[in-house]
Each structure stands twice: as structure tokens, then as C-alpha cells.
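Please look over the complex below. My notes on it follow as numbered points.

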Amino acid sequence: MSAPPAAALHDNPPHASLRGVVRRYEGRQTVHALGPIDLDLAAGEFFAVVGPSGCGKSTLLDVLSGLGVPTEGSVTLEGKPVRGQVPDGVGVVFQEDSSFPWLTVHDNVAFGLRRSGLDRTEVARRVDHAVGFMGLAQFAGHYPPQLSGGMRQRVCIARTLVQQPRLILLDEPFGALDQQTRLLMGDELLRLWRDTGATVLLITHSLDEAAMLADRVGVMSARPGRFIDLVETGWQRDRDSRIVSDPAFGPLTARLWTSLRAESLKTMGRAA
Amino acid sequence: MNRRIAVLLVRAAVLAVLVLLLEVLCRTGVIDPLTILPPSAMVAAMIEQLASGDVTDAMLRTFSTVALAFLAAVLLGTAIGALVHAVPRLRRAIEPLLASYYSVPTFVFYPLLVALLGLSMAPLVVLGLLSAAPAVMISTLAGLDSVSPVLRKVARVQRLDFFRTLRWIVLPAAMPSLFSGFKLALSYSLIGVIAGEFILSGNGLGYAISFAYQSFDNRAMYGLMLFVLLVAIVANGVLYTYEGRLAHRRRRG
Ligand SMILES: Nc1ncnc2c1ncn2[C@@H]1O[C@H](COP(=O)(O)OP(=O)(O)OP(=O)(O)O)[C@@H](O)[C@H]1O
Ligand SMILES: [Mg+2]
């Protein structure tokens, strides 16, 4: 049997779903940051989110993970409602650096397994694997302040991946990386996604990255963020960064850009 | 590490030159040796004092008082600081008071403390506590502020309970600030206790210095002063080294 095409994934019950989700930040001035949003993430799907700066992407990640409570609407993960608590099996890599400066790279990654109940050798094995996977093997004994921003971000990714979450939420994880490393990390992420069968939601500001990695790309409007376009990429599950030379790749990014252009101009305060 | 040693050497050299200068000024009579003892004589006097055993009781009493005041200040200061941090309203009310706290001469309360607690060690412990605890509170507030929101989010994603969040994330993240507060607390409780003994008590090292001063016993006075000074320097040095070790790994390089 060959791998099922992406569309077949949608027949299974969704891994995560958002219904009428709205998030407003109350304060002296109420900020309507997000929604209303309806979205189903199929189990095992790779979903990318693109949208203009400040449109509510990180806010979306907040409510989806259970870190933030939606002002309206509901979030369901693996069939159970989520409200203000992060359910088991969810891993998050934040946009900001969240490495622990007081722990070595190795111990940062091992942090993810502190409560796993695994024995020491197994922990060491998994940590070494994750650290190597992120290209940090030579820096296992270093402290994060001794690393570059991109390396610190990779520490955070390794800390999340070592826990083998079923739903992985990534907020611009490659933001601090150069283009080449980005592509390679993208390949690694694809490989991991394929091997583990996890569901991935990736927020990125790179249209190429979204088009290359995802099964589906959600294009968000200017704030308050809503999905104005959902684009199926139609890639095989077995793919890597070489698809950038696929004839379908150009039109795909072109479509994303067309959808986004007007919205991006809006956030810059100009007419389309 | 080499840089640290170099800095320490320079500091030691500066100190040595100053001490040497004082020695020369005293020996040549520029400074009257009855006013200030030459440093070599101070050291001799200090050794005499310590060897005679006359001040052993005073020493034990003073240091145990300081230790009690310091520990109480660290525990209470951190606990109250954390409480104030958790209740923003309370914080808005208390923070300005904390900031101006050190313009209050706490010694004026000593008679009140004696009236309340009797002529035991207790009023001095409280005096040391009063001078040290607010510093710990201030640094606790600063330390808790310095824990970035994203680290608290990590704690929630890792599904850590309150105590694990505290032990594994909040405390280590706040440690540099907390530690500078502990350092101040040690100095302040030492100052508080010894000054309290000096002015108001009939016991301890502070009192011994004051007694020597009033009976014109210069040798004893300078010997004891030097001893207190050395203790303060060593205690601070130990914390300083430990702090350096703590910070060393966080720095670049
Ligand atoms: N805690 C908060 N309190 C008030 N307003 C907030 C808060 N967090 C975010 N916002 C506002 O909500 C809007 C969306 O923010 P969000 O961080 O989700 O955007 P984003 O799409 O992730 O932006 P970027 O691409 O720059 O990361 C912004 O206008 C922001 O100012
Ligand atoms: Mg964001």
C-alpha cells in the first residue's frame, strides 16, 4: 500500500479543532487580536500559518495550546475540550528564546524528560539523539548565553522534540537562522514529522518555507486575524527541500503572496 | 578565570600599598601612633586579643546573633517579597515605602525592642533583621520581575505544578537578583548587630570595642576593629566567589 494522499487524512477525526474562536485582550484599550476562526487540523497533518506581523498568529498558538483562554468559541484537542490548561502530548516552541540560561544545552534538553520516569541511560540516549539532530552535539556542555540566537532556538526545539509530542506547535522557530540552515532544518523537521506521525502547526513569515513544508497553508488577514485563504499544497508525504524546483512550487508561493499582499499593505497603513 | 585573578591581584596590590603607606606614616611620626596604631601593631594586637580568649564569648555571641538575623532576613524577606509580588495592589502600596526604608535609622527602635523582648539576644536579632530583610525583599521583587513570561509559559507547557515551577524555573531564573540581595543582607545584619552592641548592649564584639574605646585601650580597640573588618571581608569574599561561579556560566565567552 502506498502512503495515503494528504486529502485522505481529513477523513479521520481531527486532531485539533477551533470553533468560532475569538481572542480579545482586555485593557485600557481592548485589542481584538484574533478571529472568529474555524479550523480543523487533521491528525498527522503539517499545517503552516502565514500572515502579516501582529495579525494574531502567536495568539492563535496560545489558544490552540491551551495557554490562553479564547474570549469566545471553543478549542478541542483529541476530542477533549481545552480551557486554560495545556493537555498532555502538546509541545510548543515559542517565538522568543525560552532556553534556560542556568542549564547546559544537554540539561536544557533533558529538562523535557525530567518527569518522564525514564531511566538515566534512556534519557541520555534520547537527549544525545535530539541534541545531535539539531546539530548541537559539539555544544552539549555549553550554556545558552554562549550560543548564537539561532542555536538557542534549536535548543528549545530539541527540548520540545525529545518529549515526542503528538501535536507540535512552532512559532517562527527558524526566524533567527540563515537561509541555508533554514532549508536544512526544514528537511529535518519534515523527516521528524514523517517518522513520528505527529501533527505539526508551524507559524512562519517565509512563504517559501510554508509552501515547501506544509500539506496546507493558512493565510491570515491583518488583525484581527482570520483565515482568508486555505491552500492545499498537494505534496507527497515523502518530500524534502528539493521540491523548490518542482514546477508546482512557483505558482504556489505566487498564490500565497497574492493573498497576502493586500493584507500586508493594510498592516503597514497603506491602501492596496 | 585569568581575568578574575588579575583583577583580584590588582585589588590586593592597591590595598597593600595603602596599608604600607599607613605603616610608614605612623612609624615616621607623621600620624601620632596614639591616634592610629601602625597596621603591624594592629595585627599583633588582634592576635593578642584572640589568643587571650577574653573575647571568645563575645565573638560567639555576636556571630550567632548575626547568623540568626541573616537567616531570618533571607527567609522572611524572600517570603514577604514573594507575597508582595503576587498581590499587585499590595505592591503598589509597599514599594515606595521599601524604597525609602533605608532613610529610617532603625536603631531608634532599640529601646522599644528591649522593652518588648527583654535584654536577651532577641532585640539584636530583630535589629539585624530589620536592617537586612528589606534589602532581601527588594531583590526578591526584582528577581521575580526578571523571570521572563515565556519561561512561565514553558512551565505550563511542561505541566509543572506550583512547587516544581518554583524550584525548576522561577528560583534559578531569579537567582542572580536574589543572591545580590543575600549579599547585602549579610553586610546589613553584621552592621546592624555590631552597631547595636556598640551603642546599646552590654555584650558582644561591638560592646567590646566600645568598652576598649571608653577605657582608652587603643590596642584592644584597633585589634578588635581589624578582626571585625577581616570577618566582614572574608564573609563577603565567600559569597562573592560563589556568585561569580554562579554567573560565570551565564556569561558569554
Ligand atoms: N498580552 C497582550 N496584551 C495586549 N495585547 C496583546 C497581547 N499579546 C498580543 N497583543 C496584541 O494582539 C495582536 C496580535 O499579537 P500576536 O503576538 O498574536 O501577533 P503575531 O501575528 O504573532 O505577530 P508577529 O508576526 O509579529 O509575531 C497585536 O496587535 C498585539 O499587540
Ligand atoms: Mg508572533
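1. Chain A and chain B bury about 2200 Å² between them, 58% of it from carbon and sulfur atoms. Buried area is the accessible area (1.4 Å probe) that two parts lose on being put together, summed over both. The contact (heavy atoms within 4.5 Å) draws 30 residues from chain A and 19 residues from chain B.

2. This is a predicted model: local features need pLDDT of at least 70, side-chain atom pairs pLDDT 80 or more, while totals for chains, interfaces and linings use all residues. Residues count from 1 along each chain as written, chains are lettered from A and ligands numbered from 1 in written order, and side-chain values use heavy atoms, without hydrogens or water.

3. One salt bridge is found across the interface. Asp62(A) pairs with Lys153(B), with the closest N and O atoms 3.3 Å apart. The rule asks for a side-chain nitrogen of Lys or Arg within 4 Å of a carboxyl oxygen of Asp or Glu.

4. Val108(B) is in the loop between α4 (88-99) and α5 (110-117) of chain B. Val108(B) counts as exposed because its relative accessibility is 54%; the cut-off for exposed is over 50%, for buried under 20%, with partly exposed in between (1.4 Å probe, protein chains only).

How values were computed: Helix = DSSP H or I, 4+ residues; strand = E, 2+ residues; numbered from the N terminus.
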